[in-house]
Amino acid sequence: MAKRGVLDHPKNLDLAQKLKIMPPFSLGVLEAFWHWTGKYRPTGDITGTDPHLFAVSIRYAADADALWNALVSAGWIERDGERMLVHDWSEHADDAVRKYLKRRGESFADGSGPFDRKVGQSRDSVVPMSRLSRADVATESGQGGDIVTTAACLPIPVPVPEPIPVPEPVLNPAPAMPAPEHGTGFFAPDDSIQSRERRFVNFRTAVIAWWRDANGGSMPWDGSEQRRLKEFLQANPALTIEEFRTLLENRGRSDVNLAERPRAWLATLTNYANGRLDRFGKPERITGASRAADPDAGTWDLIHSAELAPEYARCVDIESRVSLVLKLAPDHVPRDGLADKLRSLITTREHFVSNRKEPVPC
């Protein structure tokens, strides 16, 4: 999709300077940008694109906001009123994109048709001489009557074969690199990369939803938050999205600044595995009015009471502990949905307690 001359084009040099990379690498960024456009925004209208999801899609690991702003300021993304358009996309798009738009009866975002050409003639405007009638030739030449076309009298040229290139000898061949292990390093398979991308997007969506419920409005998010979430997911590879939401809910019920940026607390979110914390970061005792505000307070009381029983130490799995709590629970406690809630709370806590050296107070 990249044309000749893009490598040393002023816009590419400007992009390389803004991203602090070499021009060949910024050309690779542009090529990935155009491939992404052809796949997901074939008309060239990229209005409403999330810069962070865009950076993940093209495998750009640095600051997503800086990348997006650099593309805009360097002129590769243009503002058209309230729209954001890919610069000269109708010229950079390949034939696969053009055929796709033609089949759907659509045009590029700049108004040009799939096979219009802004520079030079359209490929459909050149008509071979063999398809012109004698009247057409006479009209074009300003002559009438019978004419003889010079091209028809010339012999058909015989192609001359090109010489076969002789490969240059290799004096000191480089040793072959060992094949990387499956699913590791830069050569990780696409399914592994896509799985990590989906997990990152799902967890980020959960943070956005929690922030909206806790604070309202849009959540601050830049490259620092993105790095913190990636580090958190790498440190907790077995954490499920349900357990992550429980951690967020426990933080939302704790005595903390709910409007604090996610980059400040994502790394320590596992501290909320046991429930809400007080202002000193310690597990909070729920009493008085705060008990009514916590829907899990009564369930935690049942779990803590069962842990004091001697037989609780013999419960080696989650299901046996749930069964014991149900057995020791008073008769007046409603049983509807209690087992599922117990299972969720115990599972979430055990997931983190098992990885800690010191006992965690209940």
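**Exercise 1. Aromatic pairs**

Task: Determine how many aromatic pairs a search of the whole structure finds, and describe the geometry of the pair formed by Phe 54 and Trp 68.

Solution. 
- Step 1. The structure is a predicted model, and searching the whole of it gives 8 aromatic pairs.
- Step 2. For Phe 54 and Trp 68, the ring centres are 5.6 Å apart and the planes make an angle of 75°. An angle over 60 degrees counts as edge-to-face, and this pair is accordingly classed as edge-to-face.
- Step 3. Phe 54 belongs to helix α3 (residues 51–57) and Trp 68 to helix α4 (residues 64–73). The two residues are 14 apart, and the pair links distant parts of the chain.
- Step 4. Both Phe 54 and Trp 68 are buried.

**Exercise 2. A second pair**

Task: Classify the pair of Phe 232 and Phe 244, and state which helices hold the two rings.

Solution. 
- Step 1. The centre-to-centre distance between Phe 232 and Phe 244 is 5.7 Å, with 55° between the planes, and the pair is tilted.
- Step 2. Helix α10 (residues 223–235) contains Phe 232, and helix α11 (residues 241–252) contains Phe 244, so the pair ties together parts 12 residues apart in sequence.
- Step 3. The cut-off for a buried residue is under 20% relative accessible area. Phe 232 has 3% and is buried; Phe 244 has 0% and is buried.

**Exercise 3. Ring cluster and charges over rings**

Task: Name the residues that ring pairs link into a cluster, and find which ring lies under the charged end of Lys 11 and which under that of Arg 199.

Solution. 
- Step 1. The cluster linked by ring pairs consists of Phe 33, Trp 36, Tyr 40, Phe 54 and Trp 68.
- Step 2. Lys 11 has its charged end over the ring of Trp 76, at 5.9 Å from the ring centre.
- Step 3. Arg 199 places its charged end over the ring of Phe 203, with a distance of 4.9 Å to the centre.

**Exercise 4. The hairpin**

Task: Describe how strands β1 and β2 are joined and what lies between them.

Solution. 
- Step 1. Strand β1 covers residues 77–80 and strand β2 residues 83–86; the two run antiparallel and are joined by 4 bridges.
- Step 2. Within this pairing, Asp 80 is opposite Arg 83 of β2.
- Step 3. The strands form a hairpin with 2 residues between them. In the turn, Gly 81 has a positive phi of about 70°.

**Exercise 5. The buried side of α14**

Task: Identify the buried residues in helix α14 and explain why they lie on the same side.

Solution. 
- Step 1. In α14 (residues 318–328), the buried residues include Arg 321, Val 322, Leu 324 and Val 325.
- Step 2. These residues cover an arc of only 160° around the axis, and therefore they lie on the same side of α14.

**Exercise 6. The chain as a whole**

Solution.

How values were computed
Residues are numbered from 1 along each chain as its sequence is written. This is a predicted model: local features need pLDDT of at least 70, side-chain atom pairs count only at pLDDT 80 or more; totals for chains, interfaces and linings use all residues. Side-chain values use heavy atoms; hydrogens and water are left out. Two strands pair if DSSP finds at least two bridges between them. Buried means under 20% relative accessible area, exposed over 50%, partly exposed in between (1.4 Å probe, protein chains only). The arc is that of the directions from the helix axis to the C-beta atoms. Rings of Phe, Tyr and Trp (its six-membered ring) pair if their centres lie within 6.5 Å; planes under 30 degrees apart count as stacked, over 60 as edge-to-face and the rest as tilted. A charge sits over a ring if NZ of Lys or CZ of Arg is within 6 Å of the ring centre and within 35 degrees of the ring normal.
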